[in-house]
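Student: I have just been handed a structure and would like to go through it with you. Could we look at it together?

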Amino acid sequence: PAMPERQIRIDIFRPDLTTRLALPYADAGVKAGFPSPAQDYISESIDLNRELIRHPAATFYARVDGDSMIGDGIESGDILVVDRSIEPADGDLAICCIDDEFTLKRISLRAGSIWLIPSNERYDPILVTPDRRFMVWGVVTHTIKQHRRGRRHI
């Protein structure tokens with residue numbers, strides 16, 4: 001049986017776009033199939049703040065704490081880039097506030113109803129009914145994930 005949604009903890013941070021941080025960028029791409037010779041040089045640079053944030057005044061970062069979106073590859077500790085200026089649409093991943101609690105879900109608009117859909121079968125979808133306090137806080141535009149986990153000492 002599925003579990004009811006537990007409150008998700010979301011730490012919110014404002015992006016700092018006052019300085020540039022141009023990092024080297026392998027503009028020829030990186031092969032995910034067969035290995036190919038490495039580039040001798042990197043000719044471009046990229047600033048992630050400028051790449052990931054389209055509406056600075058309406059954008060914030062949120063750190064995920066919970067497992068209800070694990071099927072979408074979103075795990076505890078991941079950082080979300082959330083844009084509050086985007087009008088939510090069917091299928092968008094969004095941070096929502098329902099009955100004064102935050103939750104991260106996919107929005108599903110079906111025949112005049114709004115559902116908040118988890119991607120973990122342990123949790124039930126949430127039907128937004130007129131008697132519930134509901135708002136979309138922002139639409140998730142990017143997920144920043146750490147792939148290298150801490151090492152265990154043996």
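Predicted model: local features only at pLDDT ≥ 70, side-chain atom pairs only at ≥ 80, totals over all residues.

Student: How do E8 and E9 pair, and over how many bridges?

Tutor: Strand E8 covers residues 113–117 and strand E9 covers residues 126–128; they pair in the antiparallel sense over three bridges.

Student: How many residues lie between the strands in the hairpin of E7 and E8?

Tutor: The hairpin has two residues between its strands, and Ala-111 takes a positive phi near 40° there.

Student: Stepping back, how many helices and strands does the protein have?

Tutor: There is one helix, together with ten strands. Along the sequence the pattern reads β-β-β-α-β-β-β-β-β-β-β.

Student: What about aromatic pairs, how many are there?

Tutor: The structure holds two aromatic pairs. In one of them, the ring centres of Phe-60 and Trp-137 are 5.6 Å apart and the planes meet at 85°, so this pair is edge-to-face. Planes over 60 degrees apart count as edge-to-face.

Student: Where do Phe-60 and Trp-137 lie?

Tutor: Phe-60 is in strand E4, residues 59–63, and Trp-137 is in strand E10, residues 134–144. The pair therefore ties together parts that are 77 residues apart in sequence.

Student: Is Phe-60 buried or exposed?

Tutor: Phe-60 counts as buried, because its relative accessibility is 3%, and the cut-off for buried is under 20%.

Student: Which residue is paired with Trp-137 in an edge-to-face pair with centres 5.0 Å apart?

Tutor: That residue is Phe-102; the planes of its ring and that of Trp-137 are at 85°, so the pair is edge-to-face. This pair also links distant parts of the chain, since Phe-102 belongs to strand E7, residues 101–110, and Trp-137 to E10, 35 residues apart. Phe-102 is partly exposed, with a relative accessible area of 24%.

Student: So which residues form the aromatic cluster?

Tutor: Phe-60, Phe-102 and Trp-137 form one cluster.

Student: Which residue lies over the face of Trp-137?

Tutor: Arg-84 lies there, 4.3 Å from the ring centre.

Student: Changing topic: how many disulfides does the structure hold?

Tutor: It holds zero disulfides. The sulfur of Cys-96 has its closest cysteine sulfur in Cys-97, 8.8 Å away, which is too far for a bond; a disulfide needs the sulfur atoms within 2.5 Å.

Student: Are Cys-96 and Cys-97 buried or exposed?

Tutor: Cys-96 counts as buried, at 0% relative accessibility. Cys-97 is buried as well, with a relative accessible area of 14%.

Student: What share of the protein do buried residues make up?

Tutor: They make up 28% of the 154 residues.

Student: What is the accessible surface of the protein?

Tutor: The accessible surface comes to about 10500 Å², and 54% of it belongs to carbon and sulfur atoms.

Student: One last point: among contacts between residues at least 6 apart in sequence, what share join residues at least 24 apart?

Tutor: The share is 60% of those contacts.

Methods
Residues numbered from 1 in each chain as written. Heavy atoms only, no water. Phe/Tyr/Trp six-rings, centres within 6.5 Å; stacked < 30°, edge-to-face > 60°. Helix = DSSP H or I, 4+ residues; strand = E, 2+ residues; numbered from the N terminus. Buried < 20%, exposed > 50% of the residue type's maximum accessible area, 1.4 Å probe, protein only. Lys NZ or Arg CZ within 6 Å of the ring centre and 35° of its normal. Contact = heavy atoms within 4.5 Å. Areas by Shrake-Rupley, 256 points an atom, 1.4 Å probe, with all protein chains shown as cover. Pairing = 2+ DSSP bridges.
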